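Work through the following exercises with the sequence and the model side by side, and try each task before reading its solution.

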Amino acid sequence: MNIDNAQKAVDDWIKQHGVRYFNELTNMAQLTEEVGEVARIIARRYGEQSEKESDKSKDLGEELADVLFVVLCLANQTGVDLQQAFDKKLDLKTKRDHDRHHNNKKLK
């Protein structure tokens, strides 16, 4: 599924199940909450913090999908074509960083 299709799928879901989009500020707060859940898993599972028993069953993929869902909601409700924006960003990063990481001694 490309990003255009994902945006449409989220919009269709909202129209069928969600009544309407939450306002942008509510969705921003929701995004922050979801990113926090991802951060908690990463910090405890891959970082130096110990993982609590209650966190061991948490699914990182599911939490990342929650982040993606809210990002798609925000894009839809603010009129952002996320596919176009992503393609533009990837092109910019490719041109800007083409040799940068290859020349970074820290990554060798």
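**Exercise 1.** Find which residues of H4 are buried, and work out how they are placed around the helix.

*Solution.* Step one is to list the buried residues of H4, which are Leu82, Gln83 and Asp97, where buried means under 20% relative accessible area and exposed over 50%, with partly exposed in between (1.4 Å probe, protein chains only). Step two is to look at their directions: they cover an arc of only 100° around the axis, which puts them on the same side of H4, the arc being that of the directions from the helix axis to the C-beta atoms. Step three is to turn to the other side of H4, where Gln84, Lys88 and Lys95 are exposed.

This is a predicted model, in which local features need pLDDT of at least 70 and side-chain atom pairs count only at pLDDT 80 or more, while totals for chains, interfaces and linings use all residues. Residues are numbered from 1 along each chain as its sequence is written, and side-chain values use heavy atoms, with hydrogens and water left out.

**Exercise 2.** Determine what the buried residues of H4 pack against, and which residue caps the N-terminal end of H4.

*Solution.* The buried residues of H4 pack against helix H1 (3-18) and helix H3 (60-78), with contact meaning heavy atoms within 4.5 Å. At the N-terminal end of H4 the cap is aspartate 81, with a side-chain oxygen 3.2 Å from the backbone nitrogen of glutamine 83.

How values were computed: Helix = DSSP H or I, 4+ residues; strand = E, 2+ residues; numbered from the N terminus. Polar contact = N/O pair within 3.5 Å; in protein donor to acceptor, adjacent residues only side chain to side chain.
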